[in-house]
Amino acid sequence: MIELFGVTKRFGGETAVDALSLRVEKGEVCVLVGTSGCGKSTTLRMINRLIEHDGGEIHLEGAPVRSFDEVTLRRRIGYVIQSTGLFPHWTVARNIGLVPRLLKWPRARIQERVEELMQLLGLPVREFAGKYPRQLSGGQAQRVGVARALAADPEILLMDEPFGALDPLTRQSLQKELQELQARLHKTVVFVTHDMDEALALADRLVVMRKGRIVQQGRPIDLLHDPADEFVESLLGGMDRGLKEAALTRVSERMLPLGPRLLASERIPYAAPLSQALSLMLWHRVERLTVVDDEDIPVGELSLRRLLGGKTS
Amino acid sequence: MESGRRVPNRVLLALMLAGLLAWLALDAVSLAPNRIVPGNSYRAFEIGGGWPALAMTLPMLVVAGLAWRPSPQTLRLALWSVLALLVLLPWWLVAASASLVEPEMPQARIGIGVSIWLLLFVWLLTLIELRTRLGLPRQLGWLLLLPVLASWWVALVWWLEPLSLYREYQARSDQFLAAVTTHLALVGAAVLASLVLGALLALAMRRHPGVRRAGFGLLNFLQTVPSLALFGLLLAPLAWLGARFDALAAIGVSGIGWAPAFLALLGYSLLPMVRNMYVALEEVDPAVIESAHGMGMNRRQVLLQVRLPLALPIVLEGIRITTVQAIGLTAVAALIGAGGLGTFVFQGLGQAAMDMVLLGALPILGLALVADAAISALSERLRPGGAA
Amino acid sequence: MSRQELTIGAAGLQTQMRSWLAPLAWLFLLVLFASGMPHLEGAFRWIEPDSREVIYRRAGFFVLLGQHVLVVGVASLLAVALGIGSAIAVTRPAGRDFLPLVSQLASIGQTFPPVAVLALAVPALGFGTLPIIVALLLYGLLPIVRNTLTGLDGIDADVREAARGMGMTGGQLLRQVELPLAAPVILAGIRTSVTVNIATAALGATVGASNLGDPIIAGIINGNTAYIVQGALLIGLLALAVDSVFERLLRRG
C-alpha cells in the first residue's frame, strides 16, 4: 500500500506537484495520466526517492519513505522507464540479475530466478541470456526491463511510460502481457502514461492529473460515465468516449443465453470487448452475433439492441 | 526562501585560500646584483615593511567574502576585484624593486618568484570560474584583460627596468623580434601548405577508398613518431640531398635549418587538417545534399553553395589544431637550427639562464593561446545558422 | 558440443594472437635495434664516413631505453591515477562545484605546447629527472581528465537513472556502470597522454635527464648524423610499439 499525504514538490519557483494526496491499495494498478508536465512522473519518482519531496508525507505500508535508507528502499521497489535504461555493457541475464546481485543472493539462486523471469516474459533463455541490449528489438528490451524490475520480487512496481517508445502493435501485446502477469503476481503498481487507451486498459484506479494536482480519480468506467470537468472529458476522448467505454466492457456481460433461433453466422469470443462486437456488426452489416467460448462452442448471442442498451440494465 | 539556500562558492574560497597561502609562505621575488651571481629570495611580507603585500591581500579577502554569499552582483564585484589584483600586481613589483634595489647596483635584476607565478595562475583560474558562473562570453573575457595588459606595459616601460625578464628582452630585442618572425613564418608556411595539400588529399580520399586507407594510415603513423625523432630522421636524407644537388643547397636545403623543420611540421600538420576536411566534406547531413540536388543544383553548386559553407567551421577547427600544434613543434625545431623562439629556450637551458628560457617559453605559450582564441572566435562567428 | 566449443576456442585464440602481432612486432624491432645497434657500425659508417666514432657509446642503448620508459611510465601512472581520480571527484555530488573550472582548465591546457611546459618546469624545479617527471605528469593529466569527463558525460542519463532507481549505491554505480562504459574514451585519453609524453621526454635530454633523446642532442651538437639516426630510430620504435598496444586494447572494446 502506498499513501501520499499532501505531497508537494517545487523546482525553483515552479510547483511541480501541489499538495497531492493519493492512496494506492495493495495489489492495485494505479495509472497516473495527464498532459506532459502535469507532475505525474515527478510523483512517481518521489515514491522511490529519486526525487525528494519538499512537503507532505509519502508512506509505504504505513511507514514514511524517509524512514528507509534510500538504497534499501529502491531495492524493494521495481522500477521500469521508457528508455529501459538497460546497461549496454551487460548481457540480458546479467541485467535481469542486477538487484538480486545487489542484495547478495547466492549465485545459483540468481541464475534460477533469472531463468524463471525470462520464461515468464517470453524470452527463451538459450536465445537471449547471452545477448546484449543493443541486439534486442524495442519490445524485447522492454521485456528485459520489466524482468529486471521484477527480479527481487518487489511488492511495488513503478512504471514510467514503459511502453511509450514502442510501436502500437508491440505496445498492445505488452499491455496484454502485463495484464496477464498482474493477474498472477498481484503487485502494487503505479503506472504513468499519457496514452489514454493504455490507461483505460490497464487501470484499476485511474488518476487524472493537471498542473500538479489530481483532477479526478476512480474506476475507469466511472470516469468515462461521469467526467469531473471538460478537461477530463476531452482527455478521455470527447466524442469517442462511447467507443472507449465499449472497449472496457466484455461481450459476456451483455450476451443472452442461446435462444431458439438459428445461430447467427458471425461469431465473437465471449471475452472480447463490446467495441469489437460493434465493429464486427458494422463490417458484416448484421445485427446479431453468436458468442462462443474458448473452444469455439456457441454459448450465447448478442444483438445490436442488447449491445446498445446495456447502459441501463 | 531562495536566498536562504544560497551556499558559499567553494571553488572561489579554495582558490583564494591557495592564493593567500602562496602569497604568505613562498618566495615572491629574488634580487641578484647582475646576470651571473645567483640572487637572494624574499617573501612578499619581508619587503617594505609588509605594507604593500598587505594591500594585495585585501582584494583577495574581499573575493573570499563575496564568495560566501554568491549572487550575480557579488560575483561581478569579485570579478572586478580580481581584475584590480592583476592591474595592481606590476605596481607591487615596482614598490618591491624600489625598496630592494640600491642605487649602487645598476645591473641589479629582480626575478619573479614562485609565489607570483602561482598567484597569476590562481587568479586566472578565478577569472575563468567567475566568467563561467556569470555566463560571460569568451570575447568579453579577453576584453577584460586589456586594462591588465595596459597596466603591465606602463609599469614595465617606465618603472620596472630591473625586472630580469625585461632586462633579458632589452639585451636581445632585435634577436627576439627576428625569432618571433621566424617562428610565425614557419608556422604560417606549414599551416598554409598543409591547408592546400590537405584539401587535395581530402578530395582524393573521397574519390578513392584506397587513398583514404593508405593516407590515414601513413598520417596516423607520422603523428605517432615523436617530433625530435622525426626532425632527426629527416636530417640525414636532407643533408644528403643538399650535398648532392647544388640547386637545392642554394635555396637552403640541408640537414639543418628550415628544410627539415618545414617538412616535419607539414607532416604533423596534415593529419588534423586532412581529418577535419574529410569529415567536413563527408558528414554533411545527407538530407541537405539530397534536397539541394532535388532543387536542381548541380555538383559544382552543391559543393560551393552547400558543402563548403557547412564545412567551413570544421575546417577552421582543423586549422586551429594545426596552428596550435605547429607553434609548439616549431619550438622543438630550434634544436635543428630552424630558429624561432625555441632558440632562446634551448640556449637558455644550455647556459642555465632561466630568464632566457622564460623569454622563449612565455611568448610560445602566449602565441598558442592567442592563436587558439582568435581562430575559435572566428569559427564561432562563421558557424552557419548563428552561434549554437 | 564441447568439440565445437573447443574449435571456436582455438580459432578465438588464433585471432587473439594475430591481433597482438603488430605490438609484438614493434616491440621485437625495438629490442632488436636496442641490443644490436653496435653491430650496425658498417651502415652508420656509410651515413657518417668522416667521424671517428659512429656508434653512440656514452651509455648503453638499453640503459637509455630503460630510463626513457621509466620516466614516461612513472609520469603516466601518476597522471592516470590523478587524472581519473580528479575527473571522478568533480563529477560526484560533493565535488560538482569544481566541474566547470576543471573541465575548462583541461581544455585550455591542451593549448599549451608541451615544450613550453617542459621549459617552464626548469626554472621552477631545476634540472634533472624530477622536473621532467613533474612536467610530463602535469601535461599528461590534461587529456586524461578531459577524456574521463567526456566519457562520464557521454553515458546515457537513463542508464544512470535506472541504476539509481534499482538501488545501486554511488560506488556501485561508478565501478559497475560508469567506469566500464567510459573505459574506451578514458583509454583513448591515456593513449594521447602517453604518446605526447614519450615525445616530450625525449626533449628531457636538454634539461639534464638521460634517455633516448641523448644521442639525438649529442648528434646535433657534434654534427654526427649517425647518433641522431640511432636515437631517432629507437624513440620512433618505442612510440610505435606503445601506440600499437593501445590500438590493440582499444579495438577489443
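Two residues are taken to be in contact when their C-beta atoms, placed from the backbone, lie within 7 Å. With that cut-off, and bearing in mind that the model is predicted, 38 residues of chain C are in contact with 40 residues of chain B. Five helices of chain C each bring at least two residues to this side: H5 (99-109), H6 (114-125), H9, H10 (213-222) and H11 (225-252). Helix H11(C) gives the most, with ten residues. By class, the side of chain C that touches chain B is made up of 28 nonpolar, eight polar and two charged residues.

Chain C also meets chain A, where 14 residues of chain C are in contact with 15 residues of chain A. Here the helices of chain C that each supply at least two residues are H8 (157-165) and H9 (170-203). The largest share, six residues, comes from H8(C). Seven nonpolar, four polar and three charged residues form the side of chain C that touches chain A. Chain A and chain B, by comparison, do not touch, and their nearest C-alpha atoms are 8 Å apart.

Turning to chain C itself, the chain holds eleven helices and zero strands. Its C-alpha trace spans about 75 × 60 × 20 Å along the principal axes. Of the 253 residues in chain C, 47% are buried. Among contacts in chain C with a separation of 6 or more, 74% link residues 24 or more positions apart.

One helix pair of chain C can be followed in detail. Two packed helices are described by the angle between their axes and the distance between the axes. For H4 (residues 61-91) and H9 of chain C, the axes come within 10 Å and cross at roughly 145°. The crossing of H4(C) with H9(C) is right-handed. On the H4(C) side the contact is made by C:His68, C:Val71, C:Val72, C:Ala75, C:Ser76, C:Ala79, C:Val80, C:Ile84 and C:Ile88. Facing them on H9(C) are C:Leu174, C:Ile186, C:Ile190, C:Ser193, C:Val194, C:Asn197, C:Ile198 and C:Ala201. By class, the residues of this contact divide into 13 nonpolar, four polar and no charged.

Chain B has been assigned two domains, domain 1 (3-165) and domain 2 (173-382). Taken over C-alpha atoms, the centres of the two domains of chain B are separated by 36 Å. Four residues of domain 1 are in contact with five residues of domain 2 in chain B. On the domain 1 side, the elements of chain B that give two or more residues are helix H5 (138-158) and helix H6 (164-171). That side consists of two nonpolar, two polar and no charged residues.

In chain A, attention goes to an open sheet of four strands, in the order S11-S14-S13-S12 and with mixed pairing. Strands S11 (256-257) and S12 (267-269) of chain A stand at the edges with a single partner strand each, so one side of each is left without a neighbour in the sheet. Strand S11(A) runs antiparallel to S14 (residues 298-303) of chain A, and two bridges join them. Within this pairing, A:Pro257 stands opposite A:Gly300 in S14(A).

Terms used
Residues numbered from 1 in each chain as written. Chains lettered and ligands numbered in written order. Predicted model: local features only at pLDDT ≥ 70, side-chain atom pairs only at ≥ 80, totals over all residues. Buried ≥ 20, exposed ≤ 12 C-beta atoms within 10 Å, placed from the backbone. Nonpolar A, V, L, I, M, F, W, Y, C, P; charged D, E, K, R; others polar. Axes fitted to C-alpha atoms, helices over the stretch in contact; angles between N-to-C directions. Left-handed = near helix turned anticlockwise from the far one by under 90°. Pairing = 2+ DSSP bridges. Domains from an automatic or database assignment.
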